Structures are given as structure tokens and as C-alpha cells.
Amino acid sequence: MAFDYDLFVIGAGPGGLAAAKKAASYGVRVAIAEQETIGGTCVNRGCIPKKLIVYAADFAKDNQMAHYYGWSNCQRYFDWTLFMKSVYQHLEHISHSYIEQLQTAGIELIRERATFVDTHTLDLGGRKVTADKIVIAVGGRPTKPDIRGIEYAITSRQMFHLPYLPKRLAIIGGGYIGTEFSSVMHAFGCDVTVIEHDAMILSGFDDDIRSGVQEGLSKRGIRFFTNSTAQKITLCDDGLLLTTTGKFQEIIATDTILVATGYAPNTKNLGLEKVKVELDKQGAITVDAYNRTTQENIYAVGDCIKGIQLTPVAKAEGVAVANTLFGNQSQQINYDYVPTAVFSRPEAASVGMTEAQAKEKFGEAVKCYCHHFRPLLYQLTEYDEQATIKLVVNNDSGQVLGAHMVGEHAADIIQSLGVAIRQGITKQDLDDTIGIHPTIGEEFLG
Ligand SMILES: Cc1cc2nc3c(=O)[nH]c(=O)nc-3n(C[C@H](O)[C@H](O)[C@H](O)COP(=O)(O)OP(=O)(O)OC[C@H]3O[C@@H](n4cnc5c(N)ncnc54)[C@H](O)[C@@H]3O)c2cc1C
Ligand SMILES: NC(=O)c1ccc[n+]([C@@H]2O[C@H](COP(=O)([O-])OP(=O)(O)OC[C@H]3O[C@@H](n4cnc5c(N)ncnc54)[C@H](O)[C@@H]3O)[C@@H](O)[C@H]2O)c1
């Protein structure tokens, strides 16, 4: 049977774009459908606008510290509306450059929502197209707990469209999104409270990293109600009232409530039942090690499958699928050493095993090297800022199993260290390495 395309990709976020571009580089006929703006969550309501907001918030901290470094009259007025206008101009520019890249690569972009008709046919706003292979890269959407008044709470998506900065912000969920927004919004002068149902924020990270970030944010003045959850939200004359339950049973008066309790796969109403693509209980598409779904010509990548919800992972999966399908090289992803960062202040980053994961696998053989210190930047100031570096090592072999950090430039430092750790370096290799002085990264070395 002749198909319209060799590959059809549903969703132009990082995963879908990577799959489409790599496949096109092998000379096959590719089309991609996008129902919203090109670039997906990452570009339009995730990584990129978030990081720009982090940069904007850093000016507040730098202004506060500047007088310790001889600067005076550093206080300035921050205009959120003006700033967000520049952010959106930049995002538009990124979207345009993606469209140009698709054109150059000969990939057809169809700006419609795609749904399955059968295993090789998709409906795009009434138009039917056929493809030999299909990649689903539809991403995810924020979840909301089922509590009274939840309709008054907003998600990260709406945080990027706030008309003005709230004076008081309550955040339900102390994961990546809750932690990052708590940090930036506090830097902009907002009174922030985080409600987290675990004992500490950032579940999944090493405990020293979790406590390091939480303490750093608490010192800045952010309140944490851990081992607690939201019970109900009500309207009052002065804004909203959030009632919490658990260890902290409080009624928090606030202007805005951000829900950041996780992301769910965007797999509803896609017609997946017609093509026998199976989902797990959370609605994530079931795939094998090559990202193949339960239907042999259909693949899935990124946030719509179970796994790590990060842009570089979605991209790697997209590229791997294209290599497997058209590059004559079946490719699986190794998820063991995926580095990750939380862009709060203090910043945190990790690669490899946490202490708990390593002890579960290697027991008594695990030795940790953990060092807390006050970075040079803060030594001229009265800020009691602490950085943490931690190595998790298999003492029998000397192999470094994981590296974790809280402090300035953590993301960039851990990213580079991750390359070496992936290659199986030992603690001795780090001890033998001559560092760059004075830096924070040198603390990992001998
Ligand atoms: C606030 C926030 C901050 C983040 N920060 C970071 C970060 O700093 N670093 C990091 O690595 N990750 C970060 N992430 C996660 C990252 O954005 C996601 O992991 C990544 O975007 C997933 O890529 P994806 O291609 O799987 O899905 P998405 O980027 O969600 O793209 C899916 C696309 O599919 C489209 N689509 C869905 N259904 C259809 C359909 N039926 N037809 C046509 N199109 C469809 C959607 O409109 C969307 O554009 C952040 C996420 C959020 C929410
Ligand atoms: N820097 C980054 O790379 C980055 C930044 C933002 C988002 N992301 C990605 O987006 C995904 C979604 O982020 P997220 O922060 O929404 O999810 P998350 O899974 O990181 O955190 C959710 C948090 O909410 C808590 N929680 C859940 N239900 C709760 C409730 N009812 N009451 C109180 N606490 C509750 C959980 O214990 C958890 O700590 C992340 O998993 C991450 O992969 C990455």
C-alpha cells in the first residue's frame, strides 16, 4: 500500500521535532502535526520561559548583594508586564526558527489536532492522511488534586500569563515546578508558602540535596508545610483561603494558588483505543525498549510515555526512534545517568544514583563524601548561604555512582561531571584531577 508519508509525527514539542528532523535527515517523507504553538511545553510554557524568569529573578538577588561589593543605589523597579512581553517576543522568535528548520528539512507542518482513524490513517481537522510509521509525541498536562474549590487554583501554564505579580502565593506541591516557582516568585517580593505531602520537597532527589534546597529557600523566607496537603479552597473578601490538612492544619490567606502536583500524559481523545495502543493505569502509552507501542507501526516518545519527563530525554527518544526506523541502527536509550537540575536559588543538580538507591543495590559497599561550605561569593556578605556537594561511591570498586550538588552553577557543573561518571570514573580519578581555582566545581576534585 502507498502511504502519503513514511513517517507522521503527532506533536511538535522536543520529542516530536527531534524524531521528525532526524527521520528527514535519512531522506524519508515526513509530516508533523501540532495543535498549538511549535516547540511544545518546553518552549512555550516550560523550560525556556521558566529559565528567563529565573534570570530576571537573579537580578533581584544581585541587587540586594551588590552593596557588599561596593555598589550603591542598586534598587530598581521590576516591571513584570514589560519583562513578559520580551519573553513572549523571544518565544515567538524560537517558534519561527523551528518553522524555518522544518521547511529546510522538507518536513510538512500541519497545524491541526491529529487523531487516529486506523493504524495508518490520521484525521487532521477533517482531512485524512496516511503514513507507514507514526510517532506519538503528544506530551503531558498538569494534574490537579480533586478537592473543593480547585477551580480557583492555576497551573504552571497560567503562571506564565499572570497579568501582574501576586503579593501572596500558595503552591500545592514541592516538586520541580513548585520549588522553582517558589524561588522566583519570592525573589520578586511575593510572600510564598509551599504545601508538600512528602516529608521534604523534591522527592526522588538525594536527601542531602532535598534538605539543602529546602533550608536555602527557608532562609530566604519561604514557608514549607511538609507532610501536609491541600484540603479545600474557598473565596474570601481578600482573595482565597487554602485549608491544609496533615502535619500542618492551617488556613492560608492568599491571592494566587499554584497547583504543581505532577504531569499526566496527554493521551485522552486521541483514538488510541481504535488502534489498540495500550495505556498504563496513569494513562501513559506502554512502549518497549525501542519506544514501540503495542501496535507495531506506532511509536511513542517523551512525556506521554512512563519515565523521565525532561526535554533532553524526549529529544533522545525521538532521535533513537528515527535511527531505529530509518537509520538502519536499532537504538535503545540508557536512562542510568540522565542529569537533572532544579533552577531554584539555591540551584540543585544530580546525576546517577542517590545514596538511598546505591545502598539498596550495593549495601555496605557504598561510601558517601558530602561537603557543606559557604561559597566565596557570599563570604563578603551577611547571607548565610550554604553549598553542598556529594559523591556516592562504590568503595569496593572505587566507581562513582552518583554526584549531587546544591549551589551556584550546579546544573552546568553536574552536566560536565555526568559525562565522566557515565564513563565509569573512580573517586581516585577525581582526586587525581587538577581543578580550576577559585570555583565551586573544584570542590568535587582532589
Ligand atoms: C513549568 C515547566 C518547566 C519545565 N522545565 C524544564 C527544564 O528546565 N528542563 C527540562 O529538561 N524539562 C523541563 N520541563 C519538562 C519539559 O518541558 C518536557 O519534558 C518536554 O517538553 C516534553 O517534551 P514532549 O515533546 O514529550 O512534549 P511537549 O513539549 O509537551 O510537546 C507535545 C506537543 O504535542 C502537541 N499535541 C498534543 N496532542 C496533539 C494532537 N492530538 N495533535 C497535534 N498536536 C498535539 C502539544 O500541543 C504540544 O505542543 C518543564 C516543564 C514545565 C511544565
Ligand atoms: N528543571 C526541570 O528540569 C523541570 C522543571 C519543571 C518541571 N519539570 C518536569 O515536569 C514534571 C512535572 O513537575 P511537577 O513539579 O508538577 O511534578 P513533580 O512530580 O516534580 O512534583 C510533584 C510534587 O507534588 C507533591 N504532591 C502531589 N500531590 C500533592 C498534594 N495533593 N498535596 C501536596 N503535595 C502533593 C509530590 O509529593 C511531589 O513532590 C516533573 O516531573 C519534571 O520532570 C522539570
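This tour visits annotated positions, a helix pair and a loop residue in a predicted model.

**Stop 1: the annotated binding-site positions**

Select Lys 51 and Asp 303, which an unreviewed UniProt entry lists under "binding site". Begin with Lys 51, which is part of helix H3, spanning residues 47-66. Counting around this side chain gives 13 other C-beta atoms within 10 Å, so Lys 51 is classed as partly exposed.

Is Asp 303 buried or exposed? Asp 303 is buried, because 30 other C-beta atoms lie within 10 Å, and the threshold for that class is 20 or more. To display its surroundings, select Gly 139, Gly 140, Tyr 263, Pro 265, Gln 309 and Ala 314; these are the residues in contact with Asp 303 once neighbours within four places in sequence are set aside.

**Stop 2: helices H1 and H8**

From Ala 314, a contact of Asp 303, continue into the pairing of H8 with helix H1 (residues 14-25). The axes of the two helices are 7 Å apart and form an angle of about 30 degrees. H1 is therefore roughly parallel to H8, since angles under 35 degrees fall in that class. Turn the view to inspect the crossing of H1 and H8, which is right-handed.

To show the residues that meet, colour the two sides separately:

- On H1, select Pro 14, Gly 15, Gly 16, Ala 18, Ala 19, Lys 22 and Ala 23.
- On H8, select Thr 311, Ala 314, Lys 315, Glu 317, Gly 318, Val 319, Val 321, Ala 322, Asn 323, Leu 325 and Phe 326.

What is the make-up of the contact of H1 with H8? Its residues comprise 10 nonpolar, 5 polar and 3 charged.

**Stop 3: the loop at Gln 249**

Select Gln 249, in the loop between strands E12 (239-246) and E13 (251-254). Gln 249 counts as exposed because it has 11 C-beta neighbours inside 10 Å.

**Stop 4: the annotated active-site position**

Finish at His 437, to which the unreviewed UniProt entry attaches the annotation "active site". Look for His 437 in the segment after helix H12 (427-432). How many other C-beta atoms lie within 10 Å of His 437? There are 8, and His 437 is therefore exposed.

Key
Residues are numbered from 1 along each chain as its sequence is written. Chains are lettered from A and ligands numbered from 1 in the order in which they are written. This is a predicted model: local features need pLDDT of at least 70, side-chain atom pairs count only at pLDDT 80 or more; totals for chains, interfaces and linings use all residues. UniProt positions are given in the numbering used here, feature names are shortened, and annotations may be inferred rather than shown by experiment. Helices (H or I, at least four residues) and strands (E, at least two) are DSSP runs, numbered from the N terminus. A residue is buried if 20 or more other C-beta atoms lie within 10 Å of its own, exposed if 12 or fewer, and partly exposed in between; C-beta atoms are placed from the backbone. Two residues are in contact if their C-beta atoms, placed from the backbone, lie within 7 Å. Axes are lines fitted to C-alpha atoms, for helices over the stretch in contact, and angles run from 0 to 180 degrees between N-to-C directions. Angles under 35 degrees count as roughly parallel, over 145 as roughly antiparallel, 65 to 115 as roughly perpendicular and the rest as oblique. A crossing is left-handed if the near helix is turned anticlockwise from the far one by less than a right angle, and right-handed if clockwise. Ala, Val, Leu, Ile, Met, Phe, Trp, Tyr, Cys and Pro count as nonpolar, Asp, Glu, Lys and Arg as charged, and the others, Gly among them, as polar.
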